[in-house]
Amino acid sequence: MNQHDNSQKLFTRAQKTIPGGVNSPVRAFKSMGGNPVFFKSGKGPFLYDVDGNEYIDYVSSWGPLILGYCHPRVVAAIQKQAEKASSFGAPTEMEVEMAELICQWFPSIEMVRMVNSGTEATMSAIRLARAYTKRNKIVKFAGCYHGHADSFLIQAGSGAMTLGIPNSPGVCQSVAADTLIARYNDFASIVKLFDAHAQDIAAIIVEPILGNAGVVLPKEGFLQQLRDITKKHGALLIFDEVITGFRVAKGGAQELYKIAPDLTTLGKIIGGGLPVGAYGGRRDIMQMIAPLGPVYQAGTLSGNPLAMSAGLETLRIIAEDKEFHKKLETKTARLCAGIQKNLDKFKIPAATVRVGSMGCLFFTSQPVTDYESACQADAGRYKEYFWHMLNLGIYLAPSQYEAFFLSAAHGDAEIDKTIAISAQALEKIAKK
Ligand SMILES: *Cc1c(COP(=O)(O)O)cnc(C)c1O
């Protein structure tokens with residue numbers, strides 16, 4: 001059993017000066033009904049907390065660390081750059097190489113602009129979509145997360161009302177009215193919105209693989225239907241690939257499902273663990289951004305040299321290995337098969353959902369196809385599972401509605417150990 005005395009002390013101290021003791025809400029473990037672990041360092045697939053406990057990590061800093069912690073080449077790249085300059089607020093060669101790499105691997109991206117977070121990327125992409133189409137409304141799907149800009153903190157209105165309503169105080173009703181909410185994997189819900197608002201819809205924004213309600217895969221043909229209807233009505237299709245970009249394939253979900261969106265947002269992996277986001281797409285649209293065009297968007301630290309050095313080195317390492325994603329997928333499949341075997345052994349109604357090296361364990365026997373069905377999963381069971389795993393040295397996301405991620409640093413030994421520990425955890429759950 002792991003002890004967490006130092007984490008407890010730090011959490012008590014943190015709550016005095018930081019709201020909730022954390023700088024991003026999910027970190028507080030609130031839905032797990034406990035207190036967060038404070039970390040000190042990581043190495044490869046391992047994490048070390050302030051009490052000296054070691055964990056095999058499946059959070060990967062929520063996705064960015066596809067090479068694991070402290071890959072020697074990424075560390076060296078950051079160190080080398082830190083000695084030259086941490087920031088110029090002026091262009092560098094690294095930004096050009098970054099843009100070229102992104103455009104090479106995402107054929108739908110002809111031009112790209114770097115920003116500092118996924119939130120900035122999606123926020124800027126919808127501003128651009130609105131400017132390009134001269135329309136106001138955007139469509140998003142329940143359960144998809146696109147960062148915390150006002151336009152995205154919206155939930156479906158009740159009954160016949162198709163206009164969204166704020167799901168956070170501080171988001172104006174007037175802003176919410178321009179966000180329409182559809183159901184993931186339910187094309188009829190999109191048709192309904194276009195029937196009512198076709199002339200006002202600037203864009204559909206979607207996580208092509210829903211990675212923020214657990215992991216939910218797109219039904220066959222669903223993304224193509226989104227491509228077709230946006231084209232038909234002159235709206236743009238925005239793929240939010242902040243998680244899936246470079247994760248499920250070099251060219252993201254759009255490579256996997258062979259759909260070319262008009263705009264794509266990226267983040268997480270392209271920063272190699274430093275704060276980065278990007279948005280890019282068709283040249284005729286991207287040319288509207290300042291200083292080339294009238295759509296304003298800027299950033300003091302955009303294209304920051306430290307972030308570019310970490311991100312570029314990460315992408316180079318991925319690029320060098322033609323089998324990179326295949327190997328990662330094989331390992332993830334091994335993990336999921338092992339966990340599934342344990343679930344079956346203890347007759348627990350649950351299933352792992354997986355694509356590439358991202359996945360999720362839903363405690364339900366029903367298929368999960370959208371946000372509503374994801375919410376039917378037994379979150380209480382996930383909570384039990386989470387604590388058993390944590391106490392046995394496996395760090396999972398402290399929420400049923402987050403994905404797990406494998407890194408290239410996870411070896412078969414760590415995976416087999418995780419499977420064995422999951423058997424212990426699931427046996428306890430089954431006996432309860
Ligand atoms: C994480 C995430 C974002 C937001 O990125 P931040 O860097 O946290 O602002 C946007 N979209 C998706 C799909 C994400 O998973």
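A polar contact is a pair of N or O atoms within 3.5 Å. In this predicted model, a nitrogen atom of the ligand lies 3.2 Å from a polar backbone atom of tyrosine 145, so the pair falls inside that cut-off and counts as a polar contact. Taken alone, the ligand exposes 380 Å², of which the protein buries 82%.

The residues that surround the ligand are Ser117, Gly118, Thr119, Tyr145, His146, Gly147, Glu207, Asn212, Asp240, Val242, Ile243 and Lys268. Sorted by class, this shell comprises three nonpolar, six polar and three charged residues.

The description now turns to the sheets. Strands of a sheet pair through backbone hydrogen bonds, and the pairing may be either parallel or antiparallel. Seven strands make up an open sheet with mixed pairing, in the order β4-β12-β11-β10-β9-β5-β8. At its edges stand β4 (111–115) and β8 (179–182), each of which pairs on one side only, and from one strand to the next the twist averages 20°. Within this sheet, β11 (residues 263–267) and β12 (residues 277–281) are paired in the antiparallel sense over five bridges, and glycine 267 has glycine 277, in β12, as its bridge partner.

Helix α3 (residues 93–105) lies across β4 and β11 and runs at about 125° to β4, whereas helix α6 (residues 187–197) lies across β5 (137–141), β8 and β9 (201–206), with a direction at about 150° to β8.

A four-stranded open sheet, also with mixed pairing, has the order β1-β2-β3-β15. Because β1 (39–43) and β15 (394–395) stand at the edges with a single partner strand each, one side of each is left without a neighbour in the sheet. The pairing between β3 (residues 54–57) and β15 is parallel and extends over two bridges, with aspartate 57 standing opposite tyrosine 395 in β15. Helix α14 (residues 412–431) packs on this sheet, where the helix touches β2 (46–49), β3 and β15, and its direction makes about 100° with that of β3.

Note on methods. Residues are numbered from 1 along each chain as its sequence is written. This is a predicted model: local features need pLDDT of at least 70, side-chain atom pairs count only at pLDDT 80 or more; totals for chains, interfaces and linings use all residues. Side-chain values use heavy atoms; hydrogens and water are left out. Two strands pair if DSSP finds at least two bridges between them. Axes are lines fitted to C-alpha atoms, for helices over the stretch in contact, and angles run from 0 to 180 degrees between N-to-C directions. Contact means heavy atoms within 4.5 Å. A residue is near a molecule or strand if one of its heavy atoms lies within 4 Å of it. A polar contact is a pair of N or O atoms within 3.5 Å; within protein, one must be able to donate a hydrogen and the other to accept it, and residues adjacent in sequence count only if both atoms are side-chain atoms. Accessible areas come from the Shrake-Rupley method with a 1.4 Å probe; for residues, only the protein chains shown count as cover. Ala, Val, Leu, Ile, Met, Phe, Trp, Tyr, Cys and Pro count as nonpolar, Asp, Glu, Lys and Arg as charged, and the others, Gly among them, as polar.
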